[in-house]
Amino acid sequence: MIAPFMKRLLAKKYGRKTAREYIRNAKPIYRQMLAQVEDIGAKNPMAHNVYMSFVFMAIWKAADRAITPDDMRDMTRELLEMKIVQKVMGGGLDVNKPGDMDRLNEKFHKCAKWAEEHPEYREKTWDFHFDDTLHKSGIYYHFTRCPLNDYARAYGYLEILPVMCELDHLLAGLYHARLYREQTLAGGGTVCDYWFVGDQEQEQMQRR
């Protein structure tokens, strides 16, 4: 789904010929990345993070790093502003509405439950640590392990990985939420932390 839209964005910035070259060269790189990355389970509900991030990372590698992190950041932002992408990835959630924050919380807990029910992948996939007492509102959890971080450090993608981490802020916007974060593993932190608050509540917090 993502590659055709990225091809359009690449063409706008670098021209059609270069865009075709980048996408063509990215395909074998993408397949190689999937063969190299730690197996976290094809049915793992968190696997989409690998599949999606690897698209951007493979294009960056195919461009021989000619795409700067800032340029990739701009393209990922523009991608997630496309209505069709928002419709598919947002899932119709608006966490400002009654029950939708609970639905989002349930979604995260289902991901954690899958890992617990599949011990063969438990030490390879993201590890959810929830804390309902840390904040009065919203959802908080953190990871101490991230397969994308492990892969990027092992295979030379750490320069572009922070752009993938910033996607979390854009994806939060699709749920009408704001993500507050203090650190990421990719940035050298000890955890990747997530605190989601409804964007309407965030505006009220700023006014208080």
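The model is predicted, so local features need pLDDT of at least 70 and side-chain atom pairs count only at pLDDT 80 or more, whereas totals for chains, interfaces and linings use all residues. Residues are numbered from 1 along each chain as its sequence is written, and side-chain values use heavy atoms, with hydrogens and water left out. Helices (H or I, at least four residues) and strands (E, at least two) are DSSP runs numbered from the N terminus.

**The largest pocket**

- The largest pocket has a volume of about 660 Å³, where a pocket is an open set of points on a 1 Å grid over the protein atoms alone, with protein on both sides within 12 Å along at least five of seven lines.
- Its lining, meaning residues with an atom within 4 Å of a point, consists of 31 residues, and His-48, Asn-49, Met-52, Asp-168 and Leu-171 lie nearest the centre of the pocket.
- At least two lining residues come from each of helix H3 (47-62), helix H6 (100-117), strand E2 (139-143), helix H8 (147-155), helix H9 (161-174) and strand E4 (192-198), and the largest share, 7 residues, is supplied by H9.
- By residue type, the lining of the largest pocket divides into 24 nonpolar, 4 polar and 3 charged residues, with Ala, Val, Leu, Ile, Met, Phe, Trp, Tyr, Cys and Pro counted as nonpolar, Asp, Glu, Lys and Arg as charged, and the others, Gly among them, as polar.

**The cavity**

- The structure holds 1 cavity of 30 Å³ or more, a cavity being a set of grid points where a 1.4 Å probe fits but cannot get out, and a volume being the space filled by probe spheres set on the points, which are joined across faces, edges and corners.
- About 30 Å³ of space lies in the largest cavity, which is lined by Met-1, Ile-2, Phe-5, Met-52, Leu-79, Leu-80, Val-85 and Met-89.
- Two or more residues of this lining are given by each of H1, helix H4 (69-80) and helix H5 (83-90), and the lining divides into 8 nonpolar, no polar and no charged residues.

**Helix pairs**

- The axes of helix H1 (residues 2-14) and helix H2 (residues 16-36) come within 7 Å and cross at roughly 140°, where axes are lines fitted to C-alpha atoms, for helices over the stretch in contact, and angles run from 0 to 180 degrees between N-to-C directions.
- H1 and H2 are therefore oblique to each other, since angles under 35 degrees count as roughly parallel, over 145 as roughly antiparallel, 65 to 115 as roughly perpendicular and the rest as oblique.
- The axes of H3 and H9 come within 11 Å and cross at roughly 125°, which makes H3 oblique to H9.
- The crossing of H1 and H2 is right-handed, and H3 also passes H9 in a right-handed crossing, a term used if the near helix is turned clockwise from the far one by less than a right angle, with anticlockwise giving left-handed.

**Single residues**

- Most residues other than glycine have a negative phi.
- In the loop between H3 and H4, Asp-64 has a positive phi of about 55° although it is not a glycine, and this residue counts as exposed at 65% relative accessibility, with buried meaning under 20% relative accessible area, exposed over 50% and partly exposed in between (1.4 Å probe, protein chains only).
- Arg-65 is also placed in the loop between H3 and H4; its phi is positive, near 65°, and it is partly exposed, with a relative accessible area of 42%.
- Gly-173, in helix H9, is partly exposed at 33% relative accessibility, and its C-alpha atom is separated by 8.0 Å from that of Asp-199, 26 residues apart along the chain.
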